[in-house]
Amino acid sequence: MIAEPNAASTLPSQKENAVHDETVPESPAQNGTCVRNGNLKTPREKRKVREQCENIRRNSPASRRVSQLQNGEVVEAVTLFEVVSMGKQAMQSVVVDWVEAYKQDRNVALLDLINFFIQCSGCQGMVTAEMFQSLYKKDVMQKMTETFDKETGLQYKKFMAYPWILTVTWPVDMDNEDYPLIRTGPYWKKFKANFCEFIAVLVQQCQCSILYDNYLMDAIISLLTGLADSMVRAFRHTSTLAAMKLLTAVVSVHLNLDVNKHNAQRLYEVEKKRLSGKRTSYRLDQLERKRKEYEHKLLEIQNMMNAIFKGTFLTRYRDVIPEIRATCMEEIGSWIKTYPDAFLNDSYLKYVGWMLYDKQAEVRLKCLLGLQGIYSRKELVSRMDLFTNRFKDRIVSMPLDKDHEVAVQAMKLLMLMSQNCGDVLSAEDCEMLYQFVYATHRPLAVAAGEFLYKRLLSHGGDKVQPKGGKFGASTDQLKRLIHFFLESELHKHVAYLVDSLWDWAGKFLKDWECMTTLLLKNDEEDGEALSDAQESALIEIILATVREAAEGHPPVGRGAAKKILSVKEKKIQLEDCTKITEHFIMVLPQLLAKYSTDAQKVANLLQIPQYYDLDVYSTGHLEKHLDALLREIKDIVAKHSDMSVLEASSRTYYILCREEIAIYSQVDCARTQMIDELMKQLNQLLDCFWQKEGGFCMDAGEISRMHSTLRRVAAFHNAHDLTKWNLYDKTLKFLVFETEHGSLPVLIILPALQCTYFSLLWQLAAVSENSPKETLFPLRRQLRHFSQICTCFLHHKEKDAFMILCDWLLILSHLDSNNNEEAVGLLGYLPNTELQEKLFSFIQEHVFMDGEEEKKDLTEEGKDEACKLDDLHKKRSLLAAYCKLIVYNVVEMTAAAEIYKYYVKTYSDFGDIIKETLSKTRYNDKIQSAKTLILCLQQLFQTHAESQDSSNGVDFSSPSFANIKELARRFSLTFGWDQVKSRESIAMIHKEGIEFAFQGATGVDGKCLPPNLSFLLIISEFSNKLLKPDKRLVYSYLQRYITEPLACRGDKWQPLVWYRNSLLSNEDEESSVLGSLGEWPPVGSSKTSSFKRKLSNGSVPETSQTEAGSKAPEQQCVSQLSSAAGKSRKRLKSQEMHLQERLPFLCPGGMRRRYCKDEVKTEDVSAEGPEDTIEDVDVVGTDQLYAC
């Protein structure tokens, strides 16, 4: 509540305070003083306030306020805060009403406005006001601080809002994370915009009257400056935003005044010249007074601007809250752009330049957006020379920003600088910026594409007179684009380049007529014909532009998914497809004929027909061009044995040979003729190849021809069903001969293996729901036989046999033969243990090679970077194929333990594949995946222990042990932050780890040191992933293996102490009670804080035998447990029983608790764990747990 001050009257002290929210004068006083009451919800409360003027807190944001009595009636109206919160429809009229109220009683209206700013900060406290009447100003200013009253628990903020001293009181626990500017939901969504609009409308309505009364603005500026200096984030954020918007509105007023002043000055000069002979003139005096009035107002406005800038901006542009810094940068950019005469100088620009280095992306983004507004105006750029020279390097580096939006806006700013700043960007800067067209983030790449197009591609075409008729300009642009593409040396990324330029250079990128004309041009026609590399690049560009136009979405890797096209975009896409078809139907055969001997060019050109609108062939009567295309493809197949060319040819036949289109019969006839010729050629080679029974011709020419023919057949068999040519028996003979004699060359084995594989796949695809059982048995024998053959071929150096075998096993294990369950039962197949071992041996030999072999491979001379990358790609493909078998349960999940061992060692090369495998297996089976992880760690630990001297135990400082611990830490990180989701997995890891650690302990009571006790150090890496109640269960499970903890002393038992400490971390009560029970040796002193300090220092606390032995064993134990359990015994019992039901593998079988009214009876204290450590824990997600 705000009590209105009055210098001429004194009010009772109880009437000075009231609720700060929605307040109005309650009743007018004769001496001009009024008391303002808070919002009341019931008539009873209203009467109480009117009678006693007590302070009432506002509870509802939608409640109304009570106005003063006027003519015997009570007038009700919403507060300014509610008007802003609900929307800006009535804001104009509300501001007008407030201005009128201010003119009538400025104290009441101004206090209402002050109350509005306090409310907008989300403050739920009270505001009081007193007049600044003290003559001792120094004493008053010393009180302008923010203090905390320990007795009342309230926070006080006392500051000057001339002519008042305002005191804001609020609870000390005021939530800094919940105030109107940052609240969510539809009600608060537009609050910020409405709040800013209110300030702008307020200044606009006041600019002709009360803005210059030396009262209103002084009070508002003092208020906002005082609040901006608060330690409370809500006050600071709200007041800074208000002050910045206030300065923005004042700048607009200054501009209007400046225009009016110039107009008055011009009129004065005109009038003065007209009346030069007369001494005096009323008109002249009037204009002179008007001009001086404008000058006086301008001086006042400038003082306001300086006060706000120095009082708020200079202290808040470096605020710890990024939203406040961003607000300051946004507004200073607006001031510079709106009023450059005052703000466009280095004194203000330096703040924008400094904040380009801010750690928060939001602040950097506001700086860039502000600079865009400045550099977009050429008349302002000339005054930015010093700033540009100082901060150009920073701006050039910002497209590399980790925040995508900042990088995009930085590129757009550089585009503006390039256009309006002349040669400010050097050639090296431009070359670096051009490369962003290959970025995976599409908005950044598109911005870089604009930069490239306007700076490089279209720039040269404007200066040079185009040659070559109508294609001259496009030809020059294409040549520059080809040159850039070749110079960038990223030839495999042409699709990214085209996509980046598509929005800016789509017109000339769709000029396929110009492109094909340039390709078909003879050297004799133009001496500047394209080179071979330029022709290859142009063909790749043609293919990329055709794909972009036909598909309408970015290439793979740029963009999350295919975008949904609008009606207009779909129309453009259909028109482009028709244009592509009509043009390339006639031109493509000519291009294929010209480049028929170049495998790379032909492979790219043969991909164009898949984007055809095939109905154009029949509707346009263009069958003759189809015949020409089929003839060229047939000749290309006969000339080439390169798999990329053959696969492209096979896919083209597949696209053209659809039964639903009119040209099917024509294409099918040509395809049959070509395959007949291939099979005829193959049969002739087979007859010459097998000279005698059990022998074959070893002629090198014959082997090469056989290899080429088999590759052609395999390429077509992949996409077309060639079963009627009985290819299976012919190729199987090669494979059987190799398994029996082992003397066939690899050039024949691999294509024969592929042909056999495709033949069986087509047979599997032909299995229908009504397939007779008699036909399934022969197919079953063929499948088993082929599986055995593939296993035999794993010893070949070529990896294709392994890839085929992995795909084959995956297909057989997941058959879906058209709902024919009997067929699935007969044909399904899972690899046995021997085959699984062979598969992993192949991976270990070819992917995870030993250190010496790997070093030898890396240092091999003559192996360039491209070959190394190609080898790495092959290894990744092999590992991915094997991991798919694990993920889809073809191979047992425990086989993944061998893969996980290389997670850290090969993280840079295969880390993503191994991590994805771990994630998928965990999704399939949480428990089994956890067992696989712990199995991996156990195997590594055993290998480490065997390499150590058994007499000295395990060396914790050895690199191998540190590697195992690091691997465990990496495994722990893969579980993420959701402890409830990974609850069962983590619990199973601890259970298996504890059992392994105490495995092999001699003696009945387990007093002797277990050989694997050091393994507890490794599984301690997973302790921080345990929920609090689960730590208690794991701790209880650990106690089963320690019957007499007092015997577990000494350095050799440090892993147990360390593991126990990881389970008891952040359990102050539990740690202290356990030390007093004698179940574990006390740690250092009795205080948990000292225990934690020792742990943080890396030292393991010493045990105290005297303290532990002095405890009474049973009576003291029971008393401690009963006193700690106390009031929550029933709840704890229910939680314990629930946890035992849900995590049975952690709860000891013999552990039972008996609860009674007076005491807690324990059958086995050492196995139960400390009863008094149980806290009131809300076990989240226990309904999702399941028994193992």
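This is a predicted model: local features need pLDDT of at least 70, side-chain atom pairs count only at pLDDT 80 or more; totals for chains, interfaces and linings use all residues.
**View 1. Salt bridge between Arg-325 and Asp-358.** The closest N and O atoms of this pair are 2.8 Å apart. Arg-325 belongs to helix α11 (residues 322-338), while Asp-358 sits in the loop between α13 (346-354) and α14 (361-375), so the contact ties together parts that are 33 residues apart in sequence. Both Arg-325 and Asp-358 are buried. In the structure as a whole, 37 salt bridges are present.

**View 2. Salt bridge between Lys-601 and Asp-532.** Here the closest N and O atoms lie 2.6 Å apart. Lys-601 is part of helix α25 (residues 599-605) and Asp-532 is part of helix α23 (residues 532-551); the pair therefore ties together parts that are 69 residues apart in sequence. Lys-601 counts as buried because its relative accessibility is 1%.

**View 3. Salt bridge between Lys-634 and Glu-677.** The N to O distance is 2.9 Å. Helix α27 (residues 623-639) contributes Lys-634 and helix α29 (residues 664-689) contributes Glu-677, so parts that are 43 residues apart in sequence are tied together. Lys-634 is partly exposed, with 28% relative accessibility, and Glu-677 is also partly exposed, with 43%.

**View 4. Network of salt bridges.** Glu-288, Arg-291, Lys-292 and Glu-295 are the linked residues.

**View 5. Negative surface patch.** The patch is formed by Glu-428, Glu-431, Glu-487 and Glu-489. Among them, Glu-487 is located in helix α20 (residues 472-488). Glu-487 counts as exposed because its relative accessible area is 54%, and exposed means over 50%.

Notes
Residues are numbered from 1 along each chain as its sequence is written. Side-chain values use heavy atoms; hydrogens and water are left out. Patches are made of residues with over 30% relative accessible area and no salt bridge: like charges are joined within 9 Å, nonpolar side chains (Val, Leu, Ile, Met, Phe, Trp, Tyr) within 5 Å. Accessible areas come from the Shrake-Rupley method with a 1.4 Å probe; for residues, only the protein chains shown count as cover. A salt bridge is a side-chain nitrogen of Lys or Arg within 4 Å of a carboxyl oxygen of Asp or Glu. Lys and Arg count as positive and Asp and Glu as negative; His and the chain ends are not counted. The place of a charge is taken as NZ of Lys, CZ of Arg, CG of Asp or CD of Glu. Helices (H or I, at least four residues) and strands (E, at least two) are DSSP runs, numbered from the N terminus. Buried means under 20% relative accessible area, exposed over 50%, partly exposed in between (1.4 Å probe, protein chains only).
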